[in-house]
Amino acid sequence: MMDECFHENDYHVSRRIYSNRVFDQVHERQAQEIQSLRERLGRACGCTDKWAVQKIKGLLPILDWLPKYPVKQWLPGDVVSGVTTGLVCCLQGVAYALLASVAPVYGLYSAFFPILTYFVLGTSRHISVGPFPVTCLMVGSVVLTLAPDEHFLRPVNITGVNETVTDERLMEVDGEAREAQRILVACTMTVLVGLFQVAMGLMQVGFLVRYLSDPLVGGFTTAAAFHVFISQIKTIVSVPIHNHNGFFSFAYTLIDVSRNINQTNIADLIAGLLTIFIVMAVKEINTKFQHKIPVPIPIEVIVTVIASAVSHVMDLNSQYGASIVHSLPRGFAPPQIPNIALIGKILGSSFSTAVVGYAVAVSVAKVYAAKHDYTVDGNQELIAFGVSNIFGGCFSSFVASTALSRTAVQESTGGKSQVAGIISALMVMIVILALGPFLQPLQKSVLAGIVIANLKGMFMQISEVPVLWRQNKIDCLIWIATCLASIVLGLDVGLLAGLVFEMGTVVVRTQFPSCATLGNVPNTDIYKNMKDYKNVRCVGFDAVRVFKKRNKALKKIHKLIKKGKLQATEVRLASLGVENQAFEKEQVPELDEGASQPDSEVKVQVDWTSELPVSVSVPTVHIHSLVVDFSAVSFLDVVAAKSLKLVVKEFIRIGVSVYIAGCDGKALSFFDEEVTRDILFLSVHDAILFIQLETSTGNDEDPLAEKFHESIDPLQRPTRLHYCCCV
């Protein structure tokens, strides 16, 4: 008959109680195919036409998607998106070159060459490949360390009426030699970054980016935005400062700026502040009215064109001493070979830059892939960015990744594929070949303003900290620790410190797992945390302490029997249970020959729940069975399995049966005559029903169960069973 509380949307399941052993007997396991090493190698190295085509398409994704490209549906949107994104690429490339501490023209190269190879090798349809502020700053940090101004000082030549005199007391920076060395350092680092990425892609280790969690990446990029902002202040105010890197570099930069603040160039300051205000304001308009405006307003392009025209007409460089781009030559630089001698000095920085560049790019790519319902191959992305950086590094480019704002422009303007990317590269090529000189009068403070305005998205990540604190305090601490470490120690060391801190939290949480006492919801197979529900008790005792106290009481009982003060009749002496090798063995003292000894056939029973005839306080054991829920346990190592076996035996020897639910037993290799596979059950409910069945029918092997079952309904005895969930 249906229960009165049974509703029409409820369901009823009727099946037998399954232990793991019984389940395997009823449901035969599928035979596992065991292959020899030769067979595995044969399958891995075997080559069929279909396999070869799949591998080639996997390595060259363009062969898969380009033949299927829907020209009529996608090409118009890709053209509009490509033109718009191309204009943004030009300006961001020139601006981000300042972060990499190289001449602006190399920013244009960096916005062009990587796109060509990614078009062939990439799997994301929407990301815009090119310079990214964080990686540019990491490159710039290495460039300034290996090629500071002090390495290129030379005596000043003073030209007189009849001769040119060299004054050793006056020194100037050899600009040409400095720029040549700096771009060599940047290109060498870019090639090394690409080699790291290709190697990781070929080794199929794209999964390693999982260790860079969202809180860690968020804290790191926010710190990077802070460093970018500090580095551009000197350009906005146009004051001379020393180059600082490493620990507390931001503080030294701010000190230098404050010392030379009286040398601020007003023309550059006004242009920079106006650029920041206008660009940020128009970007807000683009965001607010994105559904009403067919194409976002390319405000960076508009500001740059107007600023270049104003600077040229008013001759700001000559009249007001404004710092301008100066040289932006037409055409491409010849390819150059990286300087192998530098590799040892930039190895660590190159690896961290490779990881950061890939992590940011693949994160953005997966966001848009999920939005447009396609997949991104993480390992292929490593290869694509690696080849792009190697190719670009040989043609005077610095590290490529993807900029969030530029990718958003490409997607929001109708971009459907990397055809938009290749069109944007054509726009950059036009600027390189023909329009570059028109940007020569542009003030550098305008470029710095564009960089700062595009940092808003990264700075807004700070607003996520309170939300993160409410959701997960450990993740919030990872965010804060990584951010502070990256600000104080620098980006390279800060990223490493954040990663170590994150791994430390994993170790701590592994060593101190969360365990909950579960209680059964009446008339269901549902078990909930006892903290959330009433009338559920925890174990409340230490099995080892109970055993030792019982052992001590038994010794005293032996002495009383020995002295004849206590009679032993018709029952057996309570057993000490199995021996626990994790603790010191405690022997029951032997009786003297002349003493009154209990007959080995005459037995003594000790009722541990009643008052004992000796003065020993033995903790009360109020349960007869313990069920441990292992459904949330992913694995057990040898030490954990050994410890679990000891715990099981500790409870068994004080008369408490232990059962394990949700574990298939493959990781538990400790079974013997006392701890058998019969303790394993498919679910907590199976174990509970089995215990209730055992206690209700009576079990001669369990005296505690025998003593307490009587006529009590097992469903009404929540204190007699204990359920523990390990997370």
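This note walks through a predicted model, from the whole chain down to single residues.

1. **The chain overall.** The protein chain holds 27 helices and 10 strands. Of its 727 residues, 45% are buried. Among contacts with a separation of 6 or more, 79% join residues 24 or more positions apart.

2. **Helix 8 against helix 9.** Start with how two packed helices are described: by the angle between their axes and the distance between the axes. Helix 8 covers residues 133-146, and helix 9 covers residues 175-202. Their axes come within 9 Å and cross at roughly 130 degrees. That angle makes helix 8 oblique to helix 9. The crossing is right-handed. Helix 8 brings Met-138, Val-139, Val-142, Val-143, Leu-144 and Leu-146 to the contact. Helix 9 brings Arg-182, Val-185, Ala-186 and Met-189. By class, the contact has nine nonpolar residues, no polar ones and one charged.

3. **Helix 8 against helix 15.** Helix 8 also packs with helix 15, residues 343-371. These axes come within 9 Å and cross at roughly 170 degrees. An angle over 145 degrees counts as roughly antiparallel, and helix 8 and helix 15 are therefore roughly antiparallel to each other. From helix 8 come Val-134, Thr-135, Met-138, Val-142 and Leu-146. They meet Lys-345, Ile-346, Ser-349, Ser-352, Thr-353, Val-356 and Gly-357 of helix 15. This contact divides into six nonpolar, five polar and one charged residue. Met-138, Val-142 and Leu-146 of helix 8 take part here, and they are also listed in the contact with helix 9.

4. **Helix 15 against helix 16.** What is the angle between helix 15 and helix 16? Their axes cross at roughly 125 degrees and come within 10 Å. Helix 15 and helix 16 are therefore oblique to each other. Helix 15 passes helix 16 in a right-handed crossing. Tyr-358, Ala-361 and Val-362 of helix 15 meet Gly-378, Asn-379, Glu-381, Leu-382 and Phe-385 of helix 16. The tally is five nonpolar, two polar and one charged.

5. **Helix 13.** This helix runs over residues 299-314. Its 16 residues should span 22 Å at 1.5 Å a residue, and the end C-alpha atoms are 22 Å apart, so the two agree. Its buried residues are Ile-299, Glu-300, Val-301, Val-303, Thr-304, Ala-307, Ser-308 and Ser-311. The buried residues of helix 13 pack against helix 5 (71-99), helix 12 (266-288), helix 14 (316-320) and helix 19 (444-453).

6. **Helix 18.** Helix 18, residues 419-435, has 17 residues. From first C-alpha to last it reaches 23 Å, close to the 24 Å expected at 1.5 Å a residue. Its buried residues include Val-419, Ala-420, Gly-421, Ile-423 and Ser-424. Ala-425, Met-427, Val-428, Val-431 and Ile-432 are buried too. The buried residues pack against helix 4 (62-65), helix 5, helix 6 (104-110), helix 7 (113-121) and helix 17.

7. **Gln-410.** Helix 17 covers residues 404-412. Beyond its neighbours up to four places away in sequence, Gln-410 touches Ser-81, Thr-85, Arg-125, His-126, Ile-127 and Ser-128, among others. Ala-420 and Gly-421 are among the buried residues of helix 18.

8. **Two loop residues.** Ser-396 sits in the loop between helix 16 and strand 4 (401-402). At 3% relative accessibility, Ser-396 counts as buried. Leaving out residues up to four places away in sequence, Ser-396 touches Tyr-106, Tyr-109, Ile-183, Cys-187, Ala-333, Pro-334 and Gln-336. Asn-262 lies in the loop between helix 11 (249-259) and helix 12. At 65% relative accessibility, Asn-262 counts as exposed. Asn-262 and Val-239 are 23 residues apart in sequence, and their C-alpha atoms are 8.6 Å apart in space.

Conventions
Residues are numbered from 1 along each chain as its sequence is written. This is a predicted model: local features need pLDDT of at least 70, side-chain atom pairs count only at pLDDT 80 or more; totals for chains, interfaces and linings use all residues. Side-chain values use heavy atoms; hydrogens and water are left out. Helices (H or I, at least four residues) and strands (E, at least two) are DSSP runs, numbered from the N terminus. Contact means heavy atoms within 4.5 Å. Axes are lines fitted to C-alpha atoms, for helices over the stretch in contact, and angles run from 0 to 180 degrees between N-to-C directions. Angles under 35 degrees count as roughly parallel, over 145 as roughly antiparallel, 65 to 115 as roughly perpendicular and the rest as oblique. A crossing is left-handed if the near helix is turned anticlockwise from the far one by less than a right angle, and right-handed if clockwise. Ala, Val, Leu, Ile, Met, Phe, Trp, Tyr, Cys and Pro count as nonpolar, Asp, Glu, Lys and Arg as charged, and the others, Gly among them, as polar. The expected span of a helix is 1.5 Å times one less than its number of residues. Buried means under 20% relative accessible area, exposed over 50%, partly exposed in between (1.4 Å probe, protein chains only).
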